[in-house]
Amino acid sequence: MIACPIIGHRGVASLAPENTLSGIRKAAETGVQWVEIDATLLGDKTPVLCHDDNLDRCSDRKGLLLNALSVFDLDNIDVGSWFQLGWGRETLPKLADALSLCQQLNLGLNLEIKPYQWPPETIAKTLHACVSVYWQDKSRLIISCFDLDVLAAYRALDPDIQLGLLFDALPPVWHLQAQALNAVSIHCDWRLLTESEARQVKAAGYDLYCYTCNSPADAARLFSWGVDGIFTDRPQDFLTTNTENPAEYLTSLSQTDQL
């Protein structure tokens, strides 16, 4: 994985509706070079962007599960207007459109799989088929998931794809799980990570990414531990003229914290 210190979370969740095409565009406008989005399936196995298994939180529809919907329902779902007054209507995006847009904008992508009720082999096969058609540069893509069986199923389909293991807190056997999947990165909750754990991950040769850090001061501490990057709702608070060098981020954030 190309190390990138600042990754827009669900696009750029502080400035646009999460997991939308507008959110991806807005993230690019901030200057961020990588974004994270969530993918799952509708009932007809259409891959879409959505963090939840229902539409209650981020749409104008209530009480509907995604597995009750098909591709023909997408135009009738508004996932934009809930975000803030004046934000326009936006339809629930298909993963294919999001993948194409990220590449048009030259964005690297962390694609998090949300399996919910789907068997690991089913969702891995369906998403792999979509990614294989709509994404070209594997060095600019990482597939992550909390479900190790889903990652194993995806690995079986693609021996070259970059996989990231998602955890809340690091389990004692994280390194064995990473080795078994030939993973490239470990992703965990920054609030549950210790400096000792961070240094163990880095010493083992993995990239280390933390979610969801919105504080420059907290990010500065994480970078000082060797963390490679953070997922943040507020990339606009972190970006400088150089987004390639984590050391420069650490220096600038530490100086800001001392003011």
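## Close-up views of salt bridges and nonpolar cores

**View 1. Lys26 and Glu29 pair up in a salt bridge.** Here the closest N and O atoms of the two side chains are 3.4 Å apart; as in every view below, the model is a predicted one. Why are Lys26 and Glu29 separated by about one helical turn? Both belong to helix α1, and they are 3 residues apart there, so about one helical turn lies between them. Lys26 is partly exposed, because its relative accessible area is 28%. Glu29, at 60%, is exposed.

**View 2. Arg10 meets Asp38 in a salt bridge.** The closest N and O atoms of this pair are 3.8 Å apart. If you follow the chain, you will find Arg10 in the loop between β1 (6–9) and α1 (21–30), while Asp38 sits in strand β2 (residues 34–41). The two residues are 28 residues apart, and their pairing links distant parts of the chain. Are Arg10 and Asp38 buried or exposed? Both Arg10 and Asp38 are buried.

**View 3. Arg57 and Glu18 form a salt bridge.** From N to O, the distance in this pair is 2.7 Å. Distant parts of the chain come together here as well: Arg57 belongs to the loop between β3 (47–49) and α2, and Glu18 to the loop between β1 and α1, 39 residues apart. Arg57 has a relative accessibility of 39%, so this residue counts as partly exposed. Glu18, by contrast, has a relative accessible area of 12% and is therefore buried.

**View 4. A network of salt bridges links five side chains: Arg10, Glu18, Asp38, Asp52 and Arg57.** The pairs from the two previous views come back here, with Arg10 bridging to Asp38 and Arg57 to Glu18. Side chains of opposite charge can pair when their charged atoms come close. For the model as a whole, the count comes to 13 salt bridges.

**View 5. The largest nonpolar core has 65 residues.** Which residues have the most contacts inside this core? They are Ile24, Leu109, Leu111, Ile143, Ile186, Leu193 and Leu222. Helix α2 (residues 95–104) gives the most to the core, with 6 residues.

**View 6. Leu222 and the residues it touches.** Leaving aside residues up to four places away in sequence, Leu222 touches Trp190, Leu193, Cys210, Cys213, Val227 and Ile230. Apart from the core that holds Leu222 lies another core, of 10 residues, including Leu42, Cys50, Leu55 and Leu92.

Notes: Residues are numbered from 1 along each chain as its sequence is written. This is a predicted model: local features need pLDDT of at least 70, side-chain atom pairs count only at pLDDT 80 or more; totals for chains, interfaces and linings use all residues. Side-chain values use heavy atoms; hydrogens and water are left out. A nonpolar core is a set of buried Ala, Val, Leu, Ile, Met, Phe, Trp, Tyr and Cys residues joined through side-chain atoms within 4.5 Å. Buried means under 20% relative accessible area, exposed over 50%, partly exposed in between (1.4 Å probe, protein chains only). Helices (H or I, at least four residues) and strands (E, at least two) are DSSP runs, numbered from the N terminus. Contact means heavy atoms within 4.5 Å. A salt bridge is a side-chain nitrogen of Lys or Arg within 4 Å of a carboxyl oxygen of Asp or Glu.
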